[in-house]
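Here is a briefing on how two chains meet. Look over the model, then read the points below.

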Protein chains: 2
Amino acid sequence: MNKHGGYFGNKETNIIDFSVNINPLGVPSSLINKLEKELSNLITYPEIDGKTAKEILGKYLNKKTEQIIFGNGATELIYLFARAIKAPKTLILQPTFTEYERAFKLSGSNIYHFYTYEENNFYINMDELLKSIKEINPKVVVLCNPNNPTGVFFEPHELRPLLQAIKENNSYLFIDESFIDFTEKSSVINLIDEYPIFILRSMTKTYGIPGLRLGYGLGNTEIIQKLNDIKEPWTINSLALKAVETLIEDEDYYNQTKKWYKSEKEFLLKQLSLINDIKIFSSEGNFFLCKLKNTTGKDLKKNLLDRGIYIRTCADFEGLDDSFVRFAVRSRNENEKLIHSLIENFKEE
Amino acid sequence: MNKHGGYFGNKETNIIDFSVNINPLGVPSSLINKLEKELSNLITYPEIDGKTAKEILGKYLNKKTEQIIFGNGATELIYLFARAIKAPKTLILQPTFTEYERAFKLSGSNIYHFYTYEENNFYINMDELLKSIKEINPKVVVLCNPNNPTGVFFEPHELRPLLQAIKENNSYLFIDESFIDFTEKSSVINLIDEYPIFILRSMTKTYGIPGLRLGYGLGNTEIIQKLNDIKEPWTINSLALKAVETLIEDEDYYNQTKKWYKSEKEFLLKQLSLINDIKIFSSEGNFFLCKLKNTTGKDLKKNLLDRGIYIRTCADFEGLDDSFVRFAVRSRNENEKLIHSLIENFKEE
């Protein structure tokens with residue numbers, strides 16, 4: 001099992017965890033108020049197909065309920081999609097979130113990697129990708145957009161040649177948009193009728209509630225039906241289903257979050273850029289990938305932990321090595337502490 | 001997908017749902033207090049392996065953490081076990097909960113049924129079962145104990161010959177003890193070191209919190225490791241993990257629940273026995289299977305729904321037909337309303 005998902009070491013010490021993002025606005029108070037009232041309703045089963053929540057989300061996204069599937073976090077839907085499609089071959093754009101490979105491997109798929117490179121700032125060479133698809137003939141192509149951990153984003157028009165090739169190939173694009181709320185750019189959501197796309201979304205990243213487990217998928221009715229055919233019942237707890245309406249309606253929280261991340265990302269990007277010992281990559285996510293010029297991720301992690309800061313090393317990402325680390329965007333105070341600690345650390349080395 | 005899990009029809013009408021059990025004590029107030037304080041902690045991911053909760057449960061059950069696995073409800077663990085063991089053949093004792101067949105089928109297993117019969121009050125003919133195991137050679141035998149929907153229970157000493165045969169056969173007993181808290185009889189929990197048993201438990205049935213999704217499995221470390229190897233990360237939400245300690249410590253609620261079910265089951269059994277048009281089977285669960293002598297489940301369901309009562313028909317259970325229905329044990333008032341409605345209904349027919 002993956003060992004990430006934040007720092008779970010000694011709870012006595014006050015470690016600032018830069019391996020996961022924490023929305024500094026905290027859990028929306030509208031949601032806390034709602035869930036407080038729902039606790040006594042835990043006595044009933046979750047609505048089995050999440051029908052009510054699907055209708056609410058469908059109306060909000062302007063999609064039919066048959067184009068929506070809820071998951072116990074986005075993670076359930078990665079594994080469910082892999083099992084539903086049973087792809088003989090899966091092509092994953094790397095480096096990226098490690099659960100895709102595990103999920104498709106466990107479903108019996110042969111895994112192929114299409115690498116993006118540091119020298120291109122991890123952008124896709126589309127011609128090379130199309131050539132790979134022709135050669136490999138994968139049933140599924142996996143793209144995280146914005147990508148974790150590189151922060152790279154492709155706009156719908158940039159993805160058109162890929163989508164066309166996938167359609168002609170009678171295969172699927174699995175596109176993880178879990179971090180889409182952290183960019184101002186556009187989703188492929190309006191293309192799901194035209195192309196065989198499965199879009200993965202997280203409702204818990206933007207709203208700072210990963211403990212609740214709530215994700216959803218979007219696709220044409222045929223794709224969603226394939227997933228529903230093998231879905232396990234009652235996977236989404238009642239509180240998560242009840243949260244959907246409250247979260248959608250809390251536009252203030254959403255807008256404040258977007259605004260705050262936009263300015264805080266600019267601040268952190270600028271400050272990290274000023275540190276000579278690291279190279280920072282621009283990011284459409286709520287995190288930054290950095291390359292260490294004179295130390296290893298392992299050493300930096302150890303040194304920063306002594307200063308009360310926990311970071312994500314990247315050696316386990318396919319196509320990265322221990323010279324890369326990832327920093328989440330946290331509160332101003334915490335970000336300043338990170339910058340300060342990095343400066344102090346490199347000064348001492 | 002299974003379509004059960006309670007009544008989700010017109011919410012405007014006040015339907016009493018006898019298809020699912022509702023602990024009339026409601027959600028434990030100790031839990032509501034605890035979870036109210038935990039809502040703001042939804043901002044962090046659930047502890048990925050549920051380590052803290054496992055230590056608490058392990059201490060309570062006197063088992064090692066390596067012998068415990070948590071699930072997003074017991075349901076996750078049915079599917080996970082099926083995928084982990086990849087049994088070429090699975091033998092299911094019928095009639096029983098329909099998810100076992102679906103889970104093992106989806107994992108690619110060939111399904112065999114061993115039937116128990118009304119004329120034996122759905123007890124197992126152990127000699128016949130052992131003969132079947134020898135003939136079929138299943139990798140997994142599935143038993144629900146107490147069984148849903150028949151209410152039949154087997155004590156550990158009665159299961160010894162079965163366990164011995166399974167051990168010699170190098171196969172597994174999957175035993176669902178989700179309803180064990182509703183009987184005074186003993187679990188097989190002390191046999192998990194001696195035999196290849198996987199015990200499934202629900203923490204939400206006794207405590208009336210199916211909306212929260214919390215189950216666990218017990219087995220020897222080798223079995224649990226097999227499941228952990230393919231488990232999806234973060235499946236159990238933070239609130240469910242935090243609930244473990246509070247539920248275990250709330251002995252008052254547990255004892256009151258046991259005491260109340262014991263006396264209420266006696267009441268309902270006696271009252272249902274007095275109705276000539278149905279035959280009731282004794283039950284170690286918190287529900288009763290009944291056979292209708294002069295009508296179908298479909299008709300009775302329709303007629304009772306007109307009286308504001310929703311019941312579980314049983315035609316979809318392997319080995320039962322539409323002459324069977326299942327009634328949950330609910331509050332005294334509600335049980336009286338059921339009895340009254342049944343009497344009125346049969347009077348009119």
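How much area do chain A and chain B bury between them? The answer is about 4,700 Å², with 67% of it on carbon and sulfur atoms. Buried area here is the accessible area (1.4 Å probe) that two parts lose on being put together, summed over both.

This is a predicted model: local features need pLDDT of at least 70, side-chain atom pairs count only at pLDDT 80 or more, and totals for chains, interfaces and linings use all residues. Residues are numbered from 1 along each chain as its sequence is written, chains are lettered from A, and side-chain values use heavy atoms, without hydrogens and water.

**Symmetry**
- A rotation of 180 degrees, with 0.0 Å of shift along its axis, puts chain A on chain B at RMSD 0.0 Å (least squares on C-alpha atoms of residues with pLDDT of at least 70 in both).
- The two copies are thus related as by a two-fold rotation axis.
- Glu36(A) has the C-alpha of chain A nearest the axis, at 3.0 Å.

**Contact surface**

- Two salt bridges join chain A and chain B (a side-chain nitrogen of Lys or Arg within 4 Å of a carboxyl oxygen of Asp or Glu).
- One of them pairs Arg83(A) with Glu232(B), 3.2 Å from N to O.
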